[in-house]
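Here are some notes for a colleague who is opening this entry for the first time. Please read them with the model in view.

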Amino acid sequence: MLHYTKRVIIFLCLRFLLYSLGKTDEIFLRRTTTRIDLIELSMAIWSGHFSRRSYCTSKCTREPDCVSLLYNMANGSCDLFNVIYDSDDRGDADYYWVLENRGTRWVPESCLALSTCSGITTDGEYWVYPAVTNQRLTKIYCHNLATEPSHFITLKYPNNFIIHDGSNWIIQRKQCQSAIRPPLKKTKFLKVKLQIESMVVNGTDYTFTSLTGSEPIQYGNALDCNGEHFKDPCPHFGTATIDTKGTGLIVDPTIEFGLIKGYNAAMEKFHRSVNGDLISFTCAGWCGLCGPISGPIRVKHSKEFISAADAKAVICNQ
């Protein structure tokens, strides 16, 4: 019994010593499979060699920004990262370990969680891990962090949505005019708001837009009033372009686009790229409004690789 008591005392003393040396976090790591090309070795926050994985894990525990690690048993290499890269069950690397959110260290699921755990109040591009995506790494522009945090996707390429209406007629009430009275009303989205709990786009938030004309149009919509869609020749000027390249996100392929309402109207020239990161169409009618018809626009992760350097990683610690 005395021998057992001494062992307990020694154990407690060792724990106190580790605490004093800064090993204060209790973290849990889960082994997963991925592809090496999904991980940026150049972005490791620490690299070295250990004879055992447990030593690599211990090093991760002592590094407050470590949330994932690669430990290659073949050569003993240990690489620590401050982001959690995607897993891939078909990958060739089964020695990737990622943080589970059940210890004293975790990754934020939203801009609010990020601001609350870190005290950061500066708006910018951050990595968050939305619960609805099974906590996949997602680049988000956090807006109003100091007051009411909200989420935006920064759009690197033109996302333009155009209204052609009666104000563009040169001759009133005449269909299929080949010229217009400018300007066409164009809403150019530089960032689009996202409901992080559902990954649904809020297309009527115009915080980060550039407007031509006085009337904005919802993200993903187009309106045309130049003539009945079956008339030929008959040019139509209401167009929409959704381009999410460079975001790591695409419009969910299950979202359908078509005619929302109109008189003798239809959606024409619909195109969706193979990767899903570019959608364009023309609306035709007298008048016609086109856009998503199967529900609000929802985004999901694409296969595009986005560098960890494109946003700031924030790690939460108790």
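1. A word on terms comes first: two residues are in contact when they have heavy atoms within 4.5 Å of each other. The model is predicted. Leaving aside neighbours within four places in sequence, Ile 242 is in contact with Asn 159, Phe 161, Tyr 219, Gly 220, Val 251, Phe 257, Asp 277, Leu 278, Ile 279 and Ile 297.

2. Ile 242 also belongs to the largest nonpolar core, which has 35 residues. Together with Leu 194, Tyr 219 and Phe 257, Ile 242 is among those with the most contacts inside this core. Strand E20 (residues 278-284) gives the most to the core, with three residues. Apart from it lies another core, of 30 residues, including Phe 81, Val 83, Tyr 95 and Tyr 96. In soluble globular proteins, nonpolar side chains tend to be buried together.

3. Next, a sheet. Five strands make up an open sheet with antiparallel pairing, in the order E1-E5-E3-E4-E2. Its edges are strand E1 (28-34) and strand E2 (46-49), each of which pairs on one side only. On average, neighbouring strands are turned by 20° against each other, direction ignored.

4. Within this sheet, strand E3 (residues 68-72) and strand E5 (residues 93-100) pair in the antiparallel sense over three bridges. Leu 69 has Trp 97 in E5 as its bridge partner. Helix H2 (residues 53-62) lies across E1, E2, E3, strand E4 (77-81) and E5, and runs at about 160° to E3.

5. Beyond four places in sequence, Ser 77 is in contact with Gly 48, His 49, Leu 70, Tyr 71 and Asn 72.

6. The whole structure holds 13 aromatic pairs. One of them, Trp 46 with Phe 50, is stacked, at 5.5 Å centre to centre and 20° between the planes. Trp 46 is partly exposed, with a relative accessible area of 24%, and Phe 50 is partly exposed as well, at 22%.

7. The rings of Phe 161 and Phe 189 have centres 5.8 Å apart and planes at 75°, so this pair is edge-to-face. Phe 161 lies in strand E10 (residues 160-163) and Phe 189 in strand E11 (residues 185-189), so the pair ties together parts 28 residues apart in sequence. Both residues, Phe 161 and Phe 189, are buried. With Tyr 206 and Tyr 219, they form one aromatic cluster.

Notes
Residues are numbered from 1 along each chain as its sequence is written. This is a predicted model: local features need pLDDT of at least 70, side-chain atom pairs count only at pLDDT 80 or more; totals for chains, interfaces and linings use all residues. Side-chain values use heavy atoms; hydrogens and water are left out. Two strands pair if DSSP finds at least two bridges between them. Helices (H or I, at least four residues) and strands (E, at least two) are DSSP runs, numbered from the N terminus. Axes are lines fitted to C-alpha atoms, for helices over the stretch in contact, and angles run from 0 to 180 degrees between N-to-C directions. A nonpolar core is a set of buried Ala, Val, Leu, Ile, Met, Phe, Trp, Tyr and Cys residues joined through side-chain atoms within 4.5 Å. Buried means under 20% relative accessible area, exposed over 50%, partly exposed in between (1.4 Å probe, protein chains only). Rings of Phe, Tyr and Trp (its six-membered ring) pair if their centres lie within 6.5 Å; planes under 30 degrees apart count as stacked, over 60 as edge-to-face and the rest as tilted.
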